[in-house]
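Here is a short briefing on a structure. Look it over, then read the points below.

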Amino acid sequence: MRGEAERAFLATKGDIRETLRPILQSKEILDGPPILRRPFDFIVAAIRATGAQTDGNAGIQAHLTAMGQPLNQWLMPDGYTESAGAWTGTLLARWNFALALVEGRIPGTKLSDTSRTQQTLAHLSQHPNESLAIALMSPEYQWR
Amino acid sequence: MSWTTCEGSEAGYRHRASGAFAVSRRQLMVGVGMGTLGWASSRSALAGMTVNPRRADRTHGNVLVVVFLRGGMDGLSAVTPYGEERIYSMRPNLAVAAPKVNSKDSLIDLDGFFGLHPSLAPLSDLYAAKQMAVIHAIGSQDQTRSHFEAMAAMDRGAADDGLGPAGGWITRYLLASGQTGDSPLRAVSFGTVMPDSLRGATNATALPSLDSYRLTSDKHDLAELTATIRRLYGKGQDVASTAGMETLEVIETLNRLNPDERAPRHGAKYPTTGMGTGLQQAATLIRAKVGMEVATVDVGGWDTHVAQGTSIGWLPTRLEEVGQALSAFMQDLGPDADSVTTVVMSEFGRRAYENGGLGTDHGRGGCAFVLGGEVQGGKVYGPWPGLKPEQLDGPGDLRVTTDYRAVLGEVLTGRLGTDPRSVFEAGLNPLGLLKT
């Protein structure tokens with residue numbers, strides 16, 4: 001992969017797009033191991049999927065902290081680790097976040113009842129919020 | 001917290017992250033997909049909880065308990081060098097009298113030179129039974145005498161608050177020795193706030209109480225939810241599924257602990273304080289064998305600038321709590337104390353001279369305690385630097401002759417099967433605190 005990137009870099013006299021192409025299309029990337037959502041990733045995905053509105057302040061950040069990823073608190077230059085094993089010890093905090101989100105217990109964060117996900121769920125289930133919480137709590141949702 | 005009062009702002013509390021210290025994480029993928037049932041052979045009798053045997057091979061089920069006395073505990077009051085007359089001229093009002101028979105206001109002799117503060121009387125039996133060691137003139141290389149910098153150094157496991165490893169030292173221990181399938185309760189901080197020694201630990205748990213580790217819902221049936229989660233997580237073979245099943249096991253284990261199992265054993269009576277409650281819950285988790293390796297308990301109130309008291313007063317009351325809590329913890333543990341090592345430390349000791357307000361100012365060397373069934377106790381460790389003016393550090397402080405990391409490193413090596421060089425930058429000579 002590095003050789004291809006090097007050749008592309010030299011051939012195009014340093015065109016970044018052409019240099020990145022062989023890297024991003026490499027077998028190593030495409031067939032790489034699945035990535036567990038880190039807490040920030042998980043929360044943002046949940047907010048997007050449910051069409052919730054959040055001020056991003058203390059209320060929701062407390063959940064981020066409980067999951068082990070307090071915002072911008074990693075001291076080393078390498079960033080929060082991507083290793084799955086580092087994040088699986090705080091699944092309980094993810095489950096409790098999902099419940100707090102659908103039950104409207106996160107200050108500064110409000111669930112939308114008009115989002116497409118919500119409307120679809122309302123057709124499928126008598127308890128759309130519960131279904132939503134369970135979807136967010138599922139092991140599948142923890143992966144990217 | 002109390003120590004903010006004497007330094008005004010947190011501006012001094014700065015971290016200088018360094019890229020020089022790289023954490024190596026052994027990402028061992030063994031055990032994935034085995035699920036918890038594959039480890040049935042090491043089930044704890046109490047609750048059916050399973051423990052990863054690979055972890056048990058390393059730690060042999062040992063637990064490190066770190067009690068951090070925040071604010072600068074006056075080591076010269078806790079363990080007084082009464083054999084050095086000078087202490088009584090440096091502290092004419094505050095030094096407790098040399099040991100006297102049948103006196104509750106005098107020191108309890110340890111070795112003919114050092115005496116234990118009378119408020120720490122509950123610890124003298126543990127010392128006599130060689131289950132407690134004292135390390136005197138211990139500290140970091142921090143010269144600022146600032147709570148924030150000295151504490152930051154110790155929480156990071158650095159020599160001082162200069163360059164060095166970022167993140168907490170317990171975090172680095174967790175990363176260096178972590179394996180897939182480790183317990184969600186490997187590192188537990190008994191309190192609402194995670195100490196900075198666990199900063200950056202993605203898999204440590206702050207536990208204000210044992211009841212707080214549970215699903216929280218005000219609209220849904222918890223039993224139903226738990227059953228649903230079990231179905232969702234029980235079918236998968238991925239690391240998230242495995243971890244989810246373990247998390248459920250831990251929740252159930254904690255829920256299943258009935259009042260009898262939570263109650264202290266062997267007649268132990270804890271003080272009803274944060275430290276007492278924290279240690280009592282630690283003992284409960286140790287007995288429940290939920291895979292806890294490191295527990296932390298923080299205790300504030302040690303910044304005794306004014307009217308600290310001699311044999312009664314503010315400091316003696318704090319010491320009394322420490323003595324009672326540690327003594328109850330050891331009694332509660334009973335035979336389990338053989339697998340538990342408790343380190344009691346503070347960010348610095350206090351000035352050897354008392355001040356005009358009958359208190360003591362920030363100093364350097366302090367004292368630490370190490371307790372446990374496998375401790376070579378009944379001894380005061382560390383070279384004594386002396387109290388003569390030329391032997392003191394800076395404005396009149398006990399010199400530091402033992403690096404606090406030597407103590408922590410020895411416990412990591414001897415009890416948790418981990419090379420301390422993967423946690424602290426330096427390899428430090430052990431003091432011989434532990435039985436070999």
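Domain bounds here come from an automatic or database domain assignment. On that basis, chain A is divided into domain 1 (1-32) and domain 2 (39-142). The model is predicted.

**Chains and domains**
- In chain A, the centres of domain 1 and domain 2 lie 35 Å apart, taken over C-alpha atoms.
- Chain B holds 12 helices and 12 strands.
- Of the 436 residues in chain B, 52% are buried.
- Take the contacts in chain B between residues at least 6 apart in sequence: 70% of them join residues at least 24 apart.

**Where chain A meets chain B**
- The interface brings 29 residues of chain A into contact with 34 residues of chain B.
- On the chain A side, helix 6 (91-102) and helix 8 (128-137) are the elements that give two or more residues.
- Helix 6 of chain A gives the most to this side, with five residues.
- By type, the chain A side divides into 16 nonpolar, 11 polar and two charged residues.

**Strand 1 of chain B**
- Strand 1 (residues 63-69) of chain B has seven of its seven residues buried, so it is largely enclosed by the rest of the structure.
- In a regular strand, side chains alternate between the two faces of the sheet.
- Both faces of strand 1 of chain B are covered. One side carries B:Val63, B:Val65, B:Val67 and B:Leu69, and the other carries B:Leu64, B:Val66 and B:Phe68.
- Strand 1 of chain B runs parallel to strand 9 (residues 340-346) of chain B, and seven bridges join them.
- Within that pairing, B:Val67 has B:Val344 of strand 9 as its bridge partner.
- Strand 1 of chain B also pairs with strand 8 (residues 294-299) of chain B, in the parallel sense, over six bridges.
- There, B:Leu69 has B:Val299 of strand 8 as its bridge partner.

**B:Val299 in strand 8**
- B:Val299 belongs to strand 8 of chain B.
- Is B:Val299 buried or exposed? B:Val299 has 23 other C-beta atoms within 10 Å, and the cut-off for buried is 20 or more, so B:Val299 counts as buried.
- Beyond residues up to four places away in sequence, B:Val299 touches B:Val67, B:Leu69, B:Arg70, B:Gly274 and B:Met275.
- B:Val299 and B:Gly71 are 228 residues apart in sequence, yet 8.9 Å apart in space, C-alpha to C-alpha.

**The largest nonpolar core**
- In soluble globular proteins, nonpolar side chains tend to be buried together.
- The largest nonpolar core here has 142 residues.
- The members that touch the most others are A:Ala98, B:Ile135, B:Ala295, B:Val343, B:Ala368, B:Val370 and B:Val407.
- Helix 6 of chain A gives the most to this core, with 10 residues.
- Leaving aside neighbours within four places in sequence, B:Val407 is in contact with B:Ile135, B:Ile138, B:Val343, B:Ala368, B:Val370, B:Leu431 and B:Leu433.

**An open sheet in chain B**
- Three strands of chain B form an open sheet in the order 2-4-3, with antiparallel pairing.
- Strand 2 (79-80) and strand 3 (108-109) of chain B stand at the edges. Each has a single partner strand, so one side of each is left without a neighbour in the sheet.
- Two bridges pair strand 3 of chain B with strand 4 (residues 115-116) of chain B in the antiparallel sense.
- B:Asp109 stands opposite B:Gly115 of strand 4 of chain B.

Key
Residues numbered from 1 in each chain as written. Chains lettered and ligands numbered in written order. Predicted model: local features only at pLDDT ≥ 70, side-chain atom pairs only at ≥ 80, totals over all residues. Contact = placed C-beta atoms within 7 Å. Helix = DSSP H or I, 4+ residues; strand = E, 2+ residues; numbered from the N terminus. Nonpolar A, V, L, I, M, F, W, Y, C, P; charged D, E, K, R; others polar. Buried ≥ 20, exposed ≤ 12 C-beta atoms within 10 Å, placed from the backbone. Pairing = 2+ DSSP bridges. Core = buried A, V, L, I, M, F, W, Y, C linked by C-beta atoms within 7 Å.
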